[in-house]
Amino acid sequence: MKQIIAIVRDDRVEDTKEALEAIGVRGVTFLYVTGRGEQKGRVSARELGGSLNRNMRMQLASALPAGVLPDSATGVTGSPLNQDTEFALGFLPKRMLILIACDNEINRIVQAIVNVNQTGCHGDGRIFICPMISAIRVRTGEQGDKALS
Amino acid sequence: MKMIWAVIRPESAQQVIKALDTAGIGGMTRIHVTGHGKDMGITIGAIHYTEIPKEMLLIVVPDSEVAKTVMTIRTEAKTGSKNTPGEGNIGDGKIFVTYVEDSFAIRTIGKAGGDLKRNETDHCDSTG
């Protein structure tokens, strides 16, 4: 039994849910997290416009000096901006998925998550595979692999 | 490869992150959590609080950097003077270290130049 911890883009979560359902994975825990990686939270204006949901964009717009975000990104007025300009935002909003699965299902699940989430740009996320000793279904008391099915 | 779960005071989070940055640990995930330790929370006046807000940092590092990371978090998250050795205060937090068997960067997995299993040192960040 393994624990899969995947950190993915906020706007890919719905697609990821569908992809996981399609391969028969039902139990997933979702967490709102913030994080950063190799880029230390730097994003370009282009990414700001494309990969964040509206709620998050408005939040970022209020955190950044006026006019630094392109109109298309926020829907608020501001001066046009070079799309390659980078902002250091520190911690970016991400979604964390936690799944517990049998050993032989790991590859299939990782592949499904990657298929949906790979854009080739920084910020696609990470997947960690950790050992998990046991699982217990609270309702019935079933243990081990039985608790997962 | 190890995953470090550090539960720390929200007030010291920024300081810890800065120190980790300086130590070369750039990638991490941050989660707001609540909880209590063996003191079962705190009582202020007539009210007993059992869900104390904390900040959880999730950091994945190669085995060789675990000691450095844990020491950095410990030094910065401990309240009281850093120069005096010894104890801080109740509620400073805890650090847990668990195994990570595999780590994938979604950006490069399956692509040219990015094998399914990359070198361990490529994975010392958790958000890509």
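Author: Chain B holds two helices and seven strands. Read from the N terminus, its elements follow the order β-α-β-β-β-β-α-β-β. Keep in mind that this is a predicted model.

Reader: What share of chain B is buried, and what makes a residue count as buried?

Author: A residue gets that label if 20 or more other C-beta atoms lie within 10 Å of its own. In chain B, 33% of the 128 residues are buried. As for contacts in chain B between residues at least 6 apart in sequence, 69% join residues at least 24 apart.

Reader: Why is A135(A) called partly exposed?

Author: Count its neighbours: A135(A) has 17 C-beta neighbours inside 10 Å. Buried takes 20 or more and exposed takes 12 or fewer, so with 17 A135(A) falls in between and is partly exposed.

Reader: Where is A135(A), and what does it touch?

Author: A135(A) lies in the segment after β6 of chain A. Leaving out residues up to four places away in sequence, A135(A) touches M1(A), I100(A), G144(A), A147(A) and L148(A). T119(A) is 16 residues away from A135(A) along the chain, and their C-alpha atoms are separated by 34 Å.

Reader: How do you know that β1(A) and β5(A) pair?

Author: Pairing asks for at least two bridges, and β1(A), residues 2-9, has eight with β5(A), so the two strands pair. The sense is antiparallel. For an example, Q3(A) stands opposite I100(A) in β5(A).

Reader: And what makes β2(A) a partner of β5(A)?

Author: That's the bridge count again: β2(A) and β5(A) share seven bridges where at least two are needed, so they count as paired. They run in the antiparallel sense, with F30(A) opposite L97(A) in β5(A).

Reader: How do you know that β6(A) pairs with a strand of chain B?

Author: β6(A) and β7(B), residues 102-105, are joined by four bridges, again with at least two required, so this is a pair as well, in the antiparallel sense. I127(A) has F104(B) in β7(B) as its bridge partner.

Reader: Which residues make up the contact between the two chains, and which element of chain A gives the most?

Author: Chain A puts in 28 residues and chain B 24. On the chain A side, β2 (29-36), β5 (92-101), α5 (106-117) and β6 (126-131) each supply at least two residues. β6(A) gives the most, with six. By class, the chain A side that touches chain B has 13 nonpolar, nine polar and six charged residues.

Reader: At what angle do α1(A) and α5(A) pack, and how far apart are their axes?

Author: The angle between α1(A), residues 13-22, and α5(A) is about 145°, and the axes are 9 Å apart. The crossing is right-handed. From α1(A) come D15(A), T16(A), A19(A) and L20(A), and from α5(A) come A112(A), I113(A), N115(A), V116(A) and N117(A). That contact divides into five nonpolar residues, three polar and one charged.

Reader: How confident is the predictor in chain A, and where does pLDDT stay under 50?

Author: On the 0 to 100 scale, chain A averages a pLDDT of 78, and 66% of its residues score at least 70. Residues 74-81 of chain A are where pLDDT stays under 50. For that stretch the model has 17 contacts beyond four places in sequence.

Conventions:
Residues numbered from 1 in each chain as written. Chains lettered and ligands numbered in written order. Predicted model: local features only at pLDDT ≥ 70, side-chain atom pairs only at ≥ 80, totals over all residues. Contact = placed C-beta atoms within 7 Å. Nonpolar A, V, L, I, M, F, W, Y, C, P; charged D, E, K, R; others polar. Axes fitted to C-alpha atoms, helices over the stretch in contact; angles between N-to-C directions. Left-handed = near helix turned anticlockwise from the far one by under 90°.
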